[in-house]
Amino acid sequence: MKPQVVRLLVGLYPAGWRARYGEEFRTLLEEQPATLGGLTNIIGCALYERAGLLGGKLVKEVKNSLTLVLCAGVATLAAGANLYFTVDDTPLAAVVQAHSLLAVCWWVMAAGSVLAAAGLVVAVVPVLSAIARLAWAGRRRDIGLRLALAPGALMAALLWIVVVVARTHWAPLPWGVTGDWLAPANWPPLKVRWELCWVTLALLAGGGIACAMSLRQAMALLESLPQKHALPALKRLSRHRMRKFGLPICMATLCTIAGAVVGGVLADSYSPGAAQARFGFLASTALVSWLASIGLLVASAAAALGSFRCAGSSGTEPIQ
Amino acid sequence: MRSSQKTRTSEAERALGRFSDPALLVMASLADGPKHGHAMIADIAQMSGTRLGPGTLYGAIARLEEQRLIEPLPPKDRRYPYRLTPGGERVLRAKLNTLHQFTLAGLSKLEAS
């Protein structure tokens with residue numbers, strides 16, 4: 001076959017496949033006569049590979065379960081932070097201290113959150129470090145950079161908050177812009193506080209989206225690694241971790257939800273004034289902020305359950 | 001022991017998907033030593049009368065390599081040879097034994113009729 005035709009035909013295959021077999025497939029095709037049957041065969045097989053029936057399927061399962069469990073982690077973190085800042089240093093904190101039943105709910109929430117977060121770390125870190133090791137062994141800086149984006153985005157957001165605190169004596173967080181309290185005189189004006197707060201939210205949201213995209217790209221790039229035989233091992237590790245920890249994470253989150261629901265009802269009945277005071281996220285009432293946290297926790301539990309089901313729904317283990 | 005070997009063989013077949021038969025031909029071609037793609041096509045044509053298309057051949061090679069039943073060797077003159085792994089040899093032997101028993105059973109039925 002002519003080199004131009006060969007280049008065109010090889011180009012029909014997915015990038016990952018080309019990176020591994022492109023060179024040798026090109027050599028083989030150059031030695032083959034250009035027949036209609038041969039061309040049909042190559043185009044048909046290229047479409048088959050494009051359908052993701054090779055390494056793509058392996059990586060897709062890891063990608064989906066890992067993305068879901070990371071979404072669960074982010075939702076738990078956001079819900080926990082929201083609950084903490086909604087109660088900390090507000091009239092609700094005094095209500096929690098004054099009523100032992102409410103205090104028990106608070107500790108149930110805290111214990112559930114810590115357990116869920118610990119489960120997420122134990123489930124995710126080995127999988128991420130296996131991906132990083134694969135990238136390192138394959139000398140793939142593109143994968144490494146995508147993996148490094150998540151801690152980089154977090155550091156950028158933290159740095160922004162530290163710089164604003166150092167310059168204005170005020171933390172640009174969405175719980176401290178305004179509400180039913182008086183702002184100290186040395187804080188920036190309300191308009192500036194809103195602007196700085198939106199920058200923080202944009203950094204967190206943009207960083208989160210960029211991290212999710214880059215992580216999925218990093219896993220898609222794994223298909224083009226020369227150590228393709230390592231992918232089934234990565235899939236097994238991911239399945240094992242998500243199967244083992246998916247349900248406990250979900251249970252711990254459900255425990256947090258139960259604590260938050262009962263605690264919310266009790267707080268509203270013990271002190272309706274404190275529950276309706278605007279101490280919550282973006283100057284919302286404490287009750288609305290509390291309900292938003294419950295919504296996030298429900299989403300987190302659903303994502304953890306989805307990750308567990310995703311890891312358990314795949315077919316047979318590839319043989320070694 | 002035998003049932004676990006059977007399970008492993010059937011798992012390998014499932015993973016090979018539509019390339020299951022070409023994969024067996026590729027493994028049989030590599031049974032007497034390493035070969036590159038062009039030599040495999042010629043050998044398979046001579047051995048079975050089936051001429052594999054290049055796409056089918058590399059579809060089978062990719063899956064066999066993924067299953068660690070074959071492994072690549074360093075390239076020679078832009079040609080990339082492959083050889084059977086010990087696991088591949090075991091799977092090939094088990095599959096050929098099954099086919100052999102199937103052939104004997106089918107022939108004996110024909111002779112009995």
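In this predicted model, residues 314-320 of chain A keep a pLDDT under 50, and the model has 24 contacts for them beyond four places in sequence. Here pLDDT is the predictor's confidence in each residue, from 0 to 100, and a contact means heavy atoms within 4.5 Å. Across chain A, the average pLDDT is 85, and 92% of the residues score at least 70. The structure holds 10 salt bridges over all chains, a salt bridge being a side-chain nitrogen of Lys or Arg within 4 Å of a carboxyl oxygen of Asp or Glu.

**Basis of the model**

- The model is predicted, and local features need pLDDT of at least 70, side-chain atom pairs count only at pLDDT 80 or more, and totals for chains, interfaces and linings use all residues.
- Residues are numbered from 1 along each chain as its sequence is written, chains are lettered from A and ligands numbered from 1 in the order in which they are written, and side-chain values use heavy atoms, with hydrogens and water left out.

**Confidence by element**

- Within chain A, the lowest confidence falls in helix α4 (residues 55-87), with a mean of 81.
- The highest confidence in chain A is found in α7(A), at 90.

**Architecture of chain A**

- Chain A contains 11 helices and 0 strands; helices (H or I, at least four residues) and strands (E, at least two) are DSSP runs, numbered from the N terminus.
- Read from the N terminus, the order of elements in chain A is α-α-α-α-α-α-α-α-α-α-α.
- Of the 320 residues in chain A, 45% are buried, where buried means under 20% relative accessible area, exposed over 50%, and partly exposed in between (1.4 Å probe, protein chains only).
- The accessible surface of chain A is about 15,500 Å², and carbon and sulfur atoms account for 72% of this area; accessible areas come from the Shrake-Rupley method with a 1.4 Å probe, and for residues only the protein chains shown count as cover.
- Among chain A contacts between residues at least 6 apart in sequence, 77% join residues at least 24 apart.

**Salt bridge between chains**

- A:Arg20 and B:Glu65 form a salt bridge, with 2.8 Å between the closest N and O atoms.
- This pair crosses between chains, joining helix α2 (residues 15-31) of chain A, which holds A:Arg20, to helix α4 (residues 54-66) of chain B, which holds B:Glu65.
- A:Arg20 and B:Glu65 are both buried.
- A network of salt bridges links A:Arg20, A:Glu24 and B:Glu65.

**Salt bridges within chain A**

- A:Asp180 and A:Arg278 are joined by a side-chain salt bridge at 3.5 Å, N to O.
- That pair links distant parts of the chain, 98 residues apart: A:Asp180 sits in the loop between α7 (141-168) and α8 (190-221), and A:Arg278 in the loop between α10 (272-276) and α11 (286-312).
- A:Asp180 is partly exposed, at 44% relative accessibility, and A:Arg278 is partly exposed as well, at 34%.
- A:Glu195 and A:Lys191 meet through their side chains in a salt bridge of 3.2 Å, N to O.
- Helix α8 of chain A carries both A:Glu195 and A:Lys191, 4 residues apart, about one turn of the helix.
- A:Glu195 is partly exposed at 43% relative accessibility, whereas A:Lys191 counts as exposed because its relative accessible area is 61%.

- B:His36 is located in the loop between α2 (20-29) and α3 (37-48) of chain B.
- B:His36 counts as buried because its relative accessible area is 19%.
- Leaving aside residues up to four places away in sequence, B:His36 touches B:Arg79, B:Tyr80 and B:Pro81.
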